[in-house]
Structures are given as structure tokens and as C-alpha cells.
Number of protein chains: 2
Amino acid sequence: MMKPEAASALQNIRVVLARPSHPGNIGSAARAMKTMGLTRLTLVAPREFPSTEAVTLASGAADVLEQATLCASLQEALADVSVAAALTSRRREIATPLLTPRQACPSLLARAAAGEQVALVFGNETFGLSIEEVELCNVLVTIPGNPAYFSLNLAQAVQVLAYELFSHTGQDLDALRPEVESATQQQVEGFYQHLEHTLTHIGFFERRPSERLMRRLRTLFNRSQLQREEIDILRGMLKQIERHAPDRAQ
Amino acid sequence: MMKPEAASALQNIRVVLARPSHPGNIGSAARAMKTMGLTRLTLVAPREFPSTEAVTLASGAADVLEQATLCASLQEALADVSVAAALTSRRREIATPLLTPRQACPSLLARAAAGEQVALVFGNETFGLSIEEVELCNVLVTIPGNPAYFSLNLAQAVQVLAYELFSHTGQDLDALRPEVESATQQQVEGFYQHLEHTLTHIGFFERRPSERLMRRLRTLFNRSQLQREEIDILRGMLKQIERHAPDRAQ
């Protein structure tokens, strides 16, 4: 028996597969999810879906496929999400610390139990997640393994994460529960747009590379997992700046 | 890099597949093993082996298949083994307590590190392990999961066990960690002073409680564990704001 609060926490966790190439992997991922009590699957621009091969490999988890959400972009898939964990095995220039599944899962589960929408984001089988996709996430997870042969396929990676999440459902999560309202991806994105607008307004990018700097700033704020109230404070600052500094963007 | 003692412990652990029906599963299991540093595979009376399907699904782990040991019986496969852990999901009349992988793996790994031969024993895809096979084992392991749908396939079960074993090797993520220079407390404090100065400059605190807001902002930036380079970017922004907005603090 699963504790009711564990079951409802798992319902707030979605698995997002970004641009999966092989429908069989979608089916195997659905099966892996369901074995560990996860049922919400989001597919971002899958090459082929729906697919009979996916249904075959899903085995008894065809219901997960039937209820899957289809999105055109990762941004759309994460719009109402406040914690997005990107699975990545590559060393990147991104400054967010990499966590193991064991390190990341207790807090992901606690936040889902507190009613937040949580996403586990997996990239394409061959190319993984793009840097732009990773930048939409605020937690980076990597599955430790054999350094000489690291070749978990997509469904195996989903299985490991789902297993690790489930293994923490028996625990009392109250102590880990944050008492704050996290900002959704959409709110955070709104802040980034506003920030970029303000920095352009004051001429900050006149002699600086805007793309690189905005990436750095996103990474910085993603790491801190912004709260809704903090977004209000930050946007209040931006408004004040725009009100008092002459517009140099024109 | 794997620590030498972890690598040698994993070399004393074999995966035993008893009477596997589908060669594809043997290949996927080999791949799952190798991702977690396990290389010793024993096959007890496989229905079909060697097999090109197995090699295909093994992907880069064909060497595990090539070096696999073939046995006619589980008894033969376990002859030199001192700890055999049977994977089973059924409740049995056997009085051995069932352990989760998390409970079982530290001791399996410790005994392997001490030079003992350890086996992880998996049954047939459809029928699992027979009661006679389970009786040859001295540890029973069950993978906890969704009580309403428990359908891990053979390779997924091998993946979970191999992952769990590996997670206790002490392998850390140093190799994957980005090389960033964290800001010192003094640099961070300098940024906070600068931020407060700028916000006063643009009149942000005229109708807002400065102390409470500065505390919130400190908390936000503290959470993100600022890097030295990020401080430079942020202070560059503050300078630009002060340069272009008239001073309202006077």
C-alpha cells in the first residue's frame, strides 16, 4: 500500500521527454514510470506519436500513453511547473551544481507533496538536452555510473529516477516541506523578459554581449529557485529603474 | 575515475540470469550492468544464446556478453559464491526477510570489497525464480514499487539493482562538477552594500521598508551561492543604473 500523501505527491510529478526519436522508448518510459507510481507523461515534439510500437512496449501502461500531454516546446510543457529537474550527463558551462538522484529526489518529492508542480526533464536519445532546454530548469541531475561506459538508454534513466523518487515516498516529508510559494516557470520567464527589457533600457548591453549575460543571469536566478513574492520584489525594482532612468534603447 | 577499491568490489559481483527466455533481455541487462560498472554475467540455461539480438541490444556492452559464463543449473552458477541475493517480488513462505535494494546493497558491496563472491540472481521473465532457486540464495531482495502495477522487466530490474549498488561505491561527481570560483563572503557583502546603495539612489525605498526588502534580497541571492564572475555582472548592472538614473537619495 502506498500512503495517500505519497500517491498524491507522485501525481504532481510529470515526466517530460523532450524530442524523443523512438516511439519504443516512449512506451518503455511509460512502463518504467507506472511501475513506480508515476502516471503523468508530457511529450515535447516527439518524432512519432501516437505509435503502436509505443503501446506494445508500454505493456500494461498504455493508459499513461493515452493520457500523455503533447507540447510543441519545452517552455509550454513547463509553463505551470515550479521545479524542473533536467537529467544531464554532460559537463556544462552552466553554473548550477549537479546532484545525484539520491540528493535531488527528497526535495523534489517534498515540494510535490506540498502541491507544487514538479517536472523531470529528459532529452533526446542521441543529443540529450540542448543548452537552451537546460536553462529552463532549476535543478540538474546526473545519474552516477561507470565513467568508462555511460550509456543508460532513455527508459533506463527514467526507471532509475522513478525508482529513486519512489524509494523516498515512505519517508515523512513534513520536515522537508518549504513554507513558501514557489514561482511557476511562466512567472520566472516573465521576470527574465522584464529584466532583459530593463537592461536594454538602461543601455547595459551597449558594449556587452546580451545573450551570454542573460544566460548567466538566468542560471543565477534558476539556482535560487525564485519564490512568487521575490518575483514581485524584483519586478518592482525593475519598474522603478525604468521609471527613473532615461530610455537608451530607442 | 572510479576509486580502485570500488572497481574491485564490483568485479566480485556477478549478475546471474536464470533461464532467460528472450535474448534481447540478456543484451539489455548487459548494457544496464556495464553502465554501473558491473561486467560479470552468468547465464543459466538461456533459451537462446549466443544471439545477434542480444548483441544489438547490448549496444556498447557486447564485451559483457562475450565474457559471459554459461551454466546448466543455478547450483553450478553459485558454486563459488558466498552471498547470493535473489530478486523476487512475490511473497513466499520462505522465512528469510525481504530487503529493499537500499537495505541490501551496502552489505553486498562490503562483502564483495572484502573479497567474497557475490551474486545477484534474477529469474525468468514470466515465472521469476522457482522456490528451489530461491532456496539456494541467502538474501532476498524486492524492489518496492507501485502496488497496483508491478511490472519491471528483467533489464529494468537489473538496472535498478546495479544503480543501487553503484550508488554505494562512494563514487562522487567531482569529474562532472563545473569549475567555478565561488564569491567570498566579503565580495557578496560588497554586492549587497552596492545593491542597497543603488536602490536608495533610484528611490526604491521611498515607500517601501528597506530593511525587510534587503533581507529578502539577501536570502534570495544567498540561496543561489553567488560566483565571483556573477558578482561582477551584477555590480556592472548596478553601476549602469546609477550612471543613468538621476539620484533621488539626495
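Colleague: What is L17(A) in contact with, leaving aside its neighbours within four places in sequence?
Modeller: L17(A) touches I26(A), A29(A), L41(A), T42(A), L43(A), V44(A), F122(A), L154(A) and V158(A). Contact here means heavy atoms within 4.5 Å.

Colleague: And which residues have the most contacts inside the largest nonpolar core?
Modeller: Those are L17(A), L41(A) and F122(A), along with L17(B), L41(B) and F122(B), in a core of 91 residues. A nonpolar core is a set of buried Ala, Val, Leu, Ile, Met, Phe, Trp, Tyr and Cys residues joined through side-chain atoms within 4.5 Å. Buried means under 20% relative accessible area, with exposed over 50% and partly exposed in between (1.4 Å probe, protein chains only). There's also a second, separate core of 44 residues, and F204(A), F221(B), L234(B) and I241(B) are among them.

Colleague: Before we go on, where do these values come from?
Modeller: This is a predicted model, where local features need pLDDT of at least 70 and side-chain atom pairs count only at pLDDT 80 or more, while totals for chains, interfaces and linings use all residues; side-chain values use heavy atoms, leaving out hydrogens and water. Residues are numbered from 1 along each chain as its sequence is written, and chains are lettered from A and ligands numbered from 1 in the order in which they are written.

Colleague: OK, domains. How is chain A divided?
Modeller: Into domain 1 (4-176) and domain 2 (185-244), with bounds from an automatic or database domain assignment. Their C-alpha centres lie 28 Å apart, and 17 residues of domain 1 are in contact with eight residues of domain 2.

Colleague: How many salt bridges are there between those two domains?
Modeller: One. R215(A) and E135(A) form a salt bridge at 2.6 Å, N to O; the rule asks for a side-chain nitrogen of Lys or Arg within 4 Å of a carboxyl oxygen of Asp or Glu.

Colleague: What about chain A and chain B, how much area do they bury?
Modeller: About 6100 Å², 59% of it on carbon and sulfur atoms. That's the accessible area (1.4 Å probe) two parts lose on being put together, summed over both. Six salt bridges cross that interface, including R212(A) with E229(B), whose closest N and O atoms are 3.9 Å apart.
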